[in-house]
Amino acid sequence: MIEMSATPSNGNQKEKHLEIAEDNGKVMVGTLESQGDSLGSGMPAERSRSMISVTLHNIKEHVMNTKPKKKRLLGKRGALKVKAFNTDKGGLYFSDLFTTLVDADWRWIIAVFASSFVGSWFIFGLLWFAVAKSRDPFQCLDNVDSFPSALLLSIETQTTIGYGGRAVTPSCPDAIIILIAQSLIGLLMSAFLLGLVFTKLARPSRRADTLLFSKNSVVAPRDGKLCLLFRVGDIRESRILAADIRVQLFRTRRTAEGQDIPFYQQDLKCGIDWSDKGSGNNSLFLILPLTIVHVIDEDSPFYEMGPEDFDASADFEVVAILSGTIESTSMLVEARTSYLGDEIFWGRDFAEVLSDKCWDPQQGKYLVNFGLFNATVPVQLPLVCAKEFYRKNHEDDEVKNIIRNARTASRRILSRGSSQEGLVKRYTELWKRKYTVIQEDNLAPSRQHDHQL
């Protein structure tokens, strides 16, 4: 049976789960409030604390049960969920020590920075102390008669502090050699470690956090085409130059020989213009939130997939990659996210975040409402796959003419008039009539069977 609905089945399930979660939260909060009232009415403190702990435990269990960890290659914020093991190539990390340290956490950077300088100070302090003890007092070193004073000389030499209390005399060549060695080693360490810290601070990973992807993807119609949509945006005023969007699909593919290839990677054509038949429209001018479109046509892997196929058991993952150059630093930046089957809503579209009414005359700017960045609204869309959707539209000459006229009008700059609104209304009525007839035809045999019974 083919149905038509403005809200997809999986979207209904998600909204019901959300409503259930909110109701449970209200019940639990109400329980806590009632417990607080009972405290004031003379309930024993031990009993009230035990009830609160039990309630908090139930809340924790509820959250843990409603948010299980999903198997995915890429996290929602772009973190890779892939790790190499059993490589037997651990020494390769130390062959490129600088890159290894740049990729390390900050705690390791700070530990290496501090231990390198402190260790060099102590090593050269021991050398200075050995020189002082091997010669007559103050023959090679002035005012160095103990290890603490030798350590201070080492620190002053490497950091070029020079308090003036300790110094190297020209009587000992070995002391001069140690002075030159420590100065050179100190300069090399400063260059390496300061460069490491600067590179770590200047990495564009933090800039990628301000490049936003919509939490979910949707399937909605565009000029008679079924499209997979998601939204991207930048909350900073500094632009991303030469922004480019790419979409990859990971799925299991079976070959003609019957071999299953897991995580088969496939490139999905995407862009901002669904009427462009090519794949060269993926360059973005990212000054406002944009909706990225993948047209579900005959070449799309979603061509024969209906709304029932977009659920938690779906064996695919859509990965979106947004890359570009940071305007202020000229460094490359890449932001990533992914969408699983249950994160794609059928029959919904994104809410508007920018319109002519968003103009602020005082600031002289458009104000983009990022509070609606992830918001979706229901749209009229039959609950059939793209293949069936196109076939039914192609069979109806009136539907074809409406779609052709809409596509022709979209190529020109026209204001919306009554004729265009009438086409939209007529198109929706034809949809309802077409799919309602199909639904009644499918129900006819069952009704006849019921009458016979």
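A charge is taken to sit over a ring if NZ of Lys or CZ of Arg is within 6 Å of the ring centre and within 35 degrees of the ring normal. In this predicted model, local features need pLDDT of at least 70 and side-chain atom pairs count only at pLDDT 80 or more, whereas totals for chains, interfaces and linings use all residues. Residues are numbered from 1 along each chain as its sequence is written, and side-chain values use heavy atoms, with hydrogens and water left out. By the ring criterion, R222 lies over the face of W274 at 5.6 Å from the ring centre, and K200 is placed over the face of W106 at 5.9 Å from the ring centre.

Across the whole structure, 15 aromatic pairs were found, a pair being rings of Phe, Tyr and Trp (its six-membered ring) with centres within 6.5 Å, and with planes under 30 degrees apart counted as stacked, over 60 as edge-to-face and the rest as tilted. The rings of F117 and W121 are tilted, because their planes stand at 45 degrees, with the centres 6.2 Å apart. F302, F310, F316 and W346 form one aromatic cluster.

Of the 453 residues in the protein chain, 34% are buried, where buried means under 20% relative accessible area, exposed over 50% and partly exposed in between (1.4 Å probe, protein chains only). F117 is buried, with a relative accessible area of 13%, and E343 is likewise buried, at 8%. The side chain of E343 makes a polar contact with the side chain of R72 at 3.0 Å, such a contact being a pair of N or O atoms within 3.5 Å of which, within protein, one must be able to donate a hydrogen and the other to accept it, residues adjacent in sequence counting only if both atoms are side-chain atoms.
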